[in-house]
Amino acid sequence: MFVNTAKGSIISTFRLSSEKAAKELWEMYSVGKFQSTLQEVLVENTLKEDQKVPEKPMALKLSLGEDRFHQIQKKLAGKF
């Protein structure tokens, strides 16, 4: 069940191959780098390529659940 989703929401799944990859992803998320990179790639570059100007500004809001992240991290570390 997905919570806090609204019209226009995108639900994504990321496959991580190691505990290190999970830690790096969480660090990027924690400092806002992951969101800014996705904003650039998924929103800004797409608008430039399509040469479209949206009626209202488009923004990406990224939300990763910390509890779920720690469960995945433990599983990747073999502690689950």
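Leaving aside neighbours within four places in sequence, Gln 39 is in contact with Glu 44, Met 58, Ala 59 and Leu 60. These contacts are read from a predicted model. Gln 39 sits in helix H2, which covers residues 33–50. Its relative accessibility is 14%, so Gln 39 counts as buried, the limit being under 20%.

Leu 42 is also found in helix H2. Its relative accessible area is 48%, so Leu 42 is classed as partly exposed. Leu 42 and Leu 60 are 18 residues apart in sequence. In space, their C-alpha atoms are 8.5 Å apart. Leu 60 is also one of the residues in contact with Gln 39.

The chain as a whole was examined next. It holds 3 helices and 0 strands. From the N terminus on, the order of elements is α-α-α. The chain has 80 residues, and buried residues make up 12% of them. Gln 39 is one of the residues that count as buried. Among contacts in the chain with a separation of 6 or more, 56% join residues 24 or more positions apart.

The packing of two helices was then described. Two packed helices are described by the angle between their axes and by the distance between the axes. Helix H1 spans residues 19–31, and helix H3 spans residues 66–76. Their axes come within 8 Å and cross at roughly 155°. H1 is therefore roughly antiparallel to H3, as angles over 145 degrees fall in that class. On the H1 side, the contact is made by Glu 19, Ala 22, Lys 23 and Trp 26. On the H3 side, Glu 66, Phe 69, Gln 73 and Leu 76 take part. By class, this contact has 4 nonpolar, 1 polar and 3 charged residues.

Glu 66 and Trp 26 both belong to the contact of H1 with H3. Glu 66 lies in helix H3, whereas Trp 26 is contributed by H1. The two residues are 40 residues apart in sequence. Their C-alpha atoms are 8.8 Å apart in space. Glu 66 has a relative accessibility of 45%, so this residue counts as partly exposed.

How values were computed. Residues numbered from 1 in each chain as written. Predicted model: local features only at pLDDT ≥ 70, side-chain atom pairs only at ≥ 80, totals over all residues. Heavy atoms only, no water. Axes fitted to C-alpha atoms, helices over the stretch in contact; angles between N-to-C directions. Helix = DSSP H or I, 4+ residues; strand = E, 2+ residues; numbered from the N terminus. Parallel < 35°, antiparallel > 145°, perpendicular 65-115°, else oblique. Contact = heavy atoms within 4.5 Å. Nonpolar A, V, L, I, M, F, W, Y, C, P; charged D, E, K, R; others polar. Buried < 20%, exposed > 50% of the residue type's maximum accessible area, 1.4 Å probe, protein only.
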